[in-house]
Amino acid sequence: MVKALREEVKRLFEEKKVDLVIGWGKGSIPMTATPIFIRKAEDAEHLIWDETCSNNLAVYLTKDKRQLVKTNQKIGIVVKGCDGRSLVLYAVENQIKRENLVIIGVPCSGVIDKKKVLKQTAGKEVISARFEENRMTVEGRGFKTEIEKSEVLSHSCRNCNHPNAPVYDIFIGEPVKTESVGDVYPEVEAFEKLDSEARWKDMVESYSKCIRCYACRNVCPSCYCTECFVDQNDPQWIGKSPEITDTLIFHLGRNLHVAGRCVECGACERACPADIDLLKLNRKISKEILERFNFTAGLDINEKPAMASFCENEKQDFIMG
Amino acid sequence: MQNTYIPIPMKVDKVVTEDPEKTLRTYDLSFVKNSDLEQFQYLPGQFCEMSLLGMGESPFGIASSPTEEGFLRFTINRTGLVTNEIHNLRQGDTVGLRGPLGNWYPVEDFKGENVVIVGGGFAFTTLRSLLIYLLAHRENYGEITIIYGARNPDLFIYKDELETWLKRTDMKLHLTIDKPVDGWKHDTGFVPAVTEQLAPSAEKAWVVVCGPPVMIKYTLPVLEKLKFPDDRIITSLERRMKCGIGKCGRCNIGSQYVCIDGPVFSLEFLKTIPEAL
Amino acid sequence: MIKIEKSNFVTFIRSLSAEYNLFAPTGEGRQSAFREVKDIKQINSQIQITHNSPKTVFLPQTEILFEFKGDDIQSVQKATKPMFFWGVRSCDARGLNLLDKVMGQSKQRPDDPAFQDPYWKARFDDAIILTLACNEPASTCFCNWTGGNPFSKEAGDLWAVETETAYLIEPISEKGKDFIKKLSGYHTASEKDEQKIKALKKQAESCLQPAVDTKTLKEKLPKIWDDPLWDEVSAKCVNCSACAFICPTCYCFDIQDEGKKGKGKRIRTWDCCMFPIFTKEASGHNPRSLARERVRQRVMHKFNYFWETYGESLCTGCGRCIRVCPVNLDIRDVAKQLLETASAA
Amino acid sequence: MIKGNLVQETKKKKDWQPKILAILCNWCSYAGADLAGVSRIQYPPNIRVLRVPCSGRVDPMFIMKSLQNGFDGVLVSGCHPGDCHYLSGNFNARRKFAVLKPLLEYVGIEAERVQFSWVSAGEGERFAEVVTKITNDVYKVGPAKRLVKGVVSW
């Protein structure tokens, strides 16, 4: 698989079809891949593809990195299902020129969240990790454990219905067969069933861990405003300290800004240094949007985002009768 | 222990609107507490953090000179959150002040030498401070030449004082505006060009430049051409600041903090720092 | 050097509580941090290095500078018992000393209290830091790159080593000497214990990777100020502040007013040079508007600027940033790359 | 008129009165409120009105910031679907609210606090009903405690 990927990228360079390929390379610490930028054929050797490739690489086409797109370079980008959906979103929102991209799809059966591995080892450092089909073996000083991959799968991957990029130019290997996962939002439904007091308590508890480092926003492919509303100071929407209401309004505001645009890649949650279950809010919104508007972000290049369109006679049960 | 983050209270004594657009206003502040007045020792070139409780703080250069007693003067351009609010201040209102902060123009080194002051726009504030200081100790200094430019005649600050300075014989004041305007009796042209044309002598002289970044950028080569040595070209920098005491970390140029190592630097020094200019 | 048997540890810790507020490593994984300990059971001695550095106690993420009502300003500083920090690793103890140079002292105006941070001083000046030798450095640790050592006695007031059965403690600073003097009823460490320490130290050092001397970056970095390498280094950085906020020596902060005009508080809260607004001026001008400039700022501050001003590295090699970086931008790799390029330049 | 205004009945018992922000669109609901006024229709005095050009102008941030800064409830009211002065402003608003309302409930903000309605320029009476309903609803759930700045300390 990895070999095929490297060959393909090498070929792209040799045929002068790309100036740059964004992919994953081996990280410097266990269970971690890192984004790499390949500019010549021989560097294709550094590419990898496995369950540690958790970054959503689409993020490198916007924000501060926009110049890559602006320079009209031909960019190759290696994508999982969710990353591919981000590219569709970018195309819909005129952030990229589709013709300047060479999308290289890879079959994804879910990436791991290394924070979850750390929980399995009770915080003990993992020095080496090996992956087999459905399990992984982790070793540290004085311990060695086997973990089911499903236990440490990223939150976003557990109920993923779209493992393959919806649009691609090249696919490495065979697209993953999609079986409908059935109930896509089980944890959201479970949370909805709690009473309001319990829900609020849970929110306060998890979001007071937030240190406002904005890693969630900065790794989010859908968050590409040149100036984020938290950074505006006249009016200043959000206080800068991690006071709980400011923090919550930041997260709610961010989630509302990506409502109908979030591809649920889970990059935010994996990036969070404070271990907050950030997808809990995103997925609630995605669920509402799916149920109400029958819309899922990043699947169709010709479909307008949910919050940028409307139907005249749609359900309005929440309006006072 | 003294809490350096707590501002001292100051009373607004006088408000002068400097331009017809009302974007520039000059405030004379006096000390509410006598003890603060006694403690406040400063020299031209230093700045203060002006503080409006509930709105925040902003740094401003002191436009008055220590030789003028009993008040501090600040000229403030309305650009952001805090300055907008400052513009609402009336006579009798209270504001907070922290300072004096930063270093100052090397007035001791100027002694016995000629001083050329090149200024642009509303950055003339600390230059006024310097000028008043020099004039108060007139006998200590040689020739004093001032080149002061603004986009149009309206945008000069301290217009009354400019009038009296123009009449003085112990100093030379050149005023210039960017484009010719009917009735304008003085020079026309950008500050760098006018400086080149007037060609003040670099002989036994120091030059102090302060103004918008573009002006500084184009004036410095002119001064070099006029043979001013780099260590005698003095300028004052601006960066975003918060604490003003070298702790909060944002105003650095290289290893130097504009708030505590600066804001006054010599060109000789700035040339060693790639991100300074 | 005195010896506290682990069986006596509870008594020792209890004896502290009369005079000190005890802080120690608590929690697990990414929630591990130095917190005030009321019950000895809260102490987690299994932690190699806490996820959050002790900085969070001395320079909290947010603190109130003062409160105001009308024009009336109230300082909110309260006198409390001094803090006793149990189990600070040598990298973090060093980090606190470096922070003290910036916050507690002022290189430029050493004698003027107006340039010292009163909040920092109130906490740090009386605190006793016990530096606990690192028997088992993590794979991300690189204190040996920045002049540190897992068994370093360079920083802190007391220095301790944990053996299987006991803690061996000796004073470092004057404060530490006074502290030890007041203790009674503990044995002095034996020759055998000293041997044990030597063996542990050797073992700890063997956990570390071979050192790369980052000291030379001080001279080398200015040479490659404009090198295209910075583009490469910063390419994957997404400009969040995870690295800065968990860093034991990143101290930048913002000052903000909260509340309304007439009533509220002035707070300070951590800020980070990775954010574009950090340096954005009211006019809209931003001296560091590009990602590469901001990444360069952070690296230069750690490995060059701080050297220039204080003659030390601002990186202590704790490795926290390596663990939290969402894109695995490894500072060790950056340092290596920079050294290579600079040496070639 | 709704009879048995809960707020007024219990007014003597407790001093607390809900403070509600009513964000009204200029063309319909604001005019509706005006009509209620000139027609001397009684409704609880608990609302503070914020006039906006269109319900489409209402950023969810307005609502969250209001709750954070001390309002006990927020009412947003615009033109009936199809009547928008700007043709589709209220349709866009409706989509925003369709997501915002369940999201706020999801994080534990009481459903009663944030409500939406359509009130036309001719519906003075309906405006009074809407205000009475939200006032009663908010009164029942009591003073806002969640998402209010400064309540949970740090």
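Predicted model: local features only at pLDDT ≥ 70, side-chain atom pairs only at ≥ 80, totals over all residues.
1. What percentage of the 345 residues of chain C count as buried? The figure is 49%, where a residue is called buried if 20 or more other C-beta atoms lie within 10 Å of its own, exposed if 12 or fewer do, and partly exposed in between, with C-beta atoms placed from the backbone. Residues are numbered from 1 along each chain as its sequence is written, and chains are lettered from A and ligands numbered from 1 in the order in which they are written.

2. The overall form of chain C may be considered next. Chain C contains 12 helices and 12 strands; these are DSSP runs numbered from the N terminus, with helices being H or I of at least four residues and strands E of at least two. The C-alpha trace of chain C spans about 65 × 60 × 40 Å along its principal axes. Its radius of gyration is 21 Å, which agrees with the value near 20 Å that a compact globule of 345 residues would have. That radius is taken over C-alpha atoms, and the globule rule is 2.2 Å times the number of residues to the power 0.38.

3. Among contacts between residues at least 6 apart in sequence, 69% join residues at least 24 apart. Two residues are in contact if their C-beta atoms, placed from the backbone, lie within 7 Å.

4. Chain C is divided into domain 1 (2-60 + 72-207) and domain 2 (214-344), with bounds that come from an automatic or database domain assignment. The centres of the two domains, taken over C-alpha atoms, are separated by 26 Å. In the contact between them, 26 residues of domain 1 of chain C meet 21 residues of domain 2 of chain C. Helix α3(C) gives the most to the domain 1 side, with nine residues. By class, that side has 12 nonpolar, nine polar and five charged residues; here Ala, Val, Leu, Ile, Met, Phe, Trp, Tyr, Cys and Pro count as nonpolar, Asp, Glu, Lys and Arg as charged, and the others, Gly among them, as polar.

5. C:Ser106 lies in the loop between α3 and α4 of chain C. Is C:Ser106 buried or exposed? C:Ser106 is buried, because 20 other C-beta atoms lie within 10 Å. Leaving aside neighbours within four places in sequence, C:Ser106 is in contact with C:Asp112, C:Phe115 and C:Gln116, and also with B:Gly246. C:Ser106 and C:Asp117 are 11 residues apart in sequence and 9.2 Å apart in space, C-alpha to C-alpha.

6. Just after α1(A), A:Lys16 takes a positive phi of about 55 degrees.

7. A:Leu5, A:Arg6, A:Val9, A:Leu12 and A:Phe13 are buried. They cover an arc of only 120 degrees around the axis, which puts them on the same side of α1(A); the arc is that of the directions from the helix axis to the C-beta atoms. An α-helix has 3.6 residues a turn, so residues three or four places apart point the same way. The face turned away from the buried side carries the exposed residues A:Lys3, A:Glu7 and A:Glu14.

8. Chain A also has a domain assignment, with domain 1 (2-113 + 153-308) and domain 2 (114-152). Their centres, taken over C-alpha atoms, are 24 Å apart. The contact takes nine residues from domain 1 of chain A and 12 residues from domain 2 of chain A.

9. Finally, chain D touches chain A through a contact that takes 36 residues from chain D and 31 residues from chain A. The largest share of the chain D side, 13 residues, comes from α4(D). By class, the chain D side has 20 nonpolar, seven polar and nine charged residues.
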